[in-house]
Amino acid sequence: MVSNDFSSDKRSNRKKMSSKIVIAGGFGAGKTTLVHSVSEIPPVTTEAIMTEASIGHDDNSITPDKTTTTVAMDFGRITIDDELVMYMFGTPGQARFWFMWDDLVRGAVGAVVVVDCRRLADSFDAVDYFETNKRIPYIVALNKFEGQLDYTSDQVREALEVSPEVPIIDFDARSRLSGGEVLKALLRYALEHNRTSEPVA
Amino acid sequence: MSFRRRRSNRVRPFTFTGGRTRSRHPLMVQTLVSTSEPGQEPPGTLMPESINIYKLCRETRSLAEVSAELNIPLGVTQVLVSDLAEQDLVYIHPTITGSSPSENQVLERALRGLERLFQ
């Protein structure tokens, strides 16, 4: 009987649950590249092609190859197992779209702030957001564009005023395994964070 | 300018939602939705957009995926899915936020899963 098949499907299907990781950072830091590298589906992206009008607003002199910027949101997906799916949501890169951040961040397991070391100042707003509202654990991931970093993680921590307990790691956004390391680091930190923030009473 | 043109093409949300802008169920972008009785045809009283959601969610999908695949703005999708849930036509799956210690087990499972997938 067909309906029986459906009801057993339904029972196992109902166990499915999901979680979310937020990928934040400055314009052109490598957020979309990271989502792309780790996602099992082509990321669903809503990007507006930069027009000449937007060049005045976005400093793209250092990343001349980049012709698009994320204006809405993009996301990828990782199926952990039969019951658990994890989504990665990129935050809008430009300050004028940050009204969307609260909605995106709500209910996230944690966040990754992707930092382009050549443009540290661009990451400040993202770091400041997570340092200020402290609602979810976050880590900082330094994207190695040319295979090397201009600053040590200590220098970055000082420059961006990252709290001492927040992990700072370096990675290559183009590499799937390297991106996976970032996600693992975030989950380890989130677990540690939960343990230490449990009420003593 | 292309951004502005895209906005003007949007269907006004209130035409779908009767003026309501909030959903009654906690629906986040990552929340999974599935049709309660996937074998059944959607009730004929539903609006075309809701019928499309009903049909699409015969396979479990996140709210963001529903919104992207059907090209319905996220906020509108939220309200429509919430209405379908109110009528028990769709099931809203649990969302793991990691904010309560009871969810640590799931986070540990996610970490083990990532260790398996990215090694």
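Predicted model: local features only at pLDDT ≥ 70, side-chain atom pairs only at ≥ 80, totals over all residues.
**The contact between the chains**

Chain A brings 40 residues to the contact, while chain B brings 35 residues. On the side of chain B that touches chain A, the elements giving two or more residues are helix H1 (2-9), strand S1 (32-35), helix H4 (63-70), strand S4 (95-96) and helix H6 (104-117) of chain B, and the largest share, 11 residues, comes from H6(B). Sorted by class, this side of chain B holds 19 nonpolar, 13 polar and three charged residues.

**Strand pairing**

| Strands | Sense | Bridges | Residues standing opposite |
|---|---|---|---|
| S1 (17-25) of chain A and S4(B) | parallel | two bridges | A:Ser19 and B:Ile96 |
| S1(B) and S2(B) | antiparallel | two bridges | B:Leu32 and B:Ser62 |

Within chain B, three strands form an open sheet in the order S2-S1-S3, with antiparallel pairing. Strand S2 (61-62) and strand S3 (90-92) of chain B each have a single partner strand and stand at the edges, so one side of each is left without a neighbour in the sheet.

**The nonpolar core**

The largest nonpolar core has 71 residues, and those with the most contacts inside it are A:Ile21, A:Ile23, A:Ala111, A:Val112, A:Val113 and A:Ala141. Helix H7 (residues 176-196) of chain A gives the most to this core, with six residues. When neighbours within four places in sequence are left aside, the residues in contact with A:Val112 include A:Ile21, A:Ile23, A:Tyr138, A:Ala141, A:Val182 and A:Leu186.

Key
Residues numbered from 1 in each chain as written. Chains lettered and ligands numbered in written order. Contact = placed C-beta atoms within 7 Å. Helix = DSSP H or I, 4+ residues; strand = E, 2+ residues; numbered from the N terminus. Nonpolar A, V, L, I, M, F, W, Y, C, P; charged D, E, K, R; others polar. Pairing = 2+ DSSP bridges. Core = buried A, V, L, I, M, F, W, Y, C linked by C-beta atoms within 7 Å. Buried ≥ 20, exposed ≤ 12 C-beta atoms within 10 Å, placed from the backbone.
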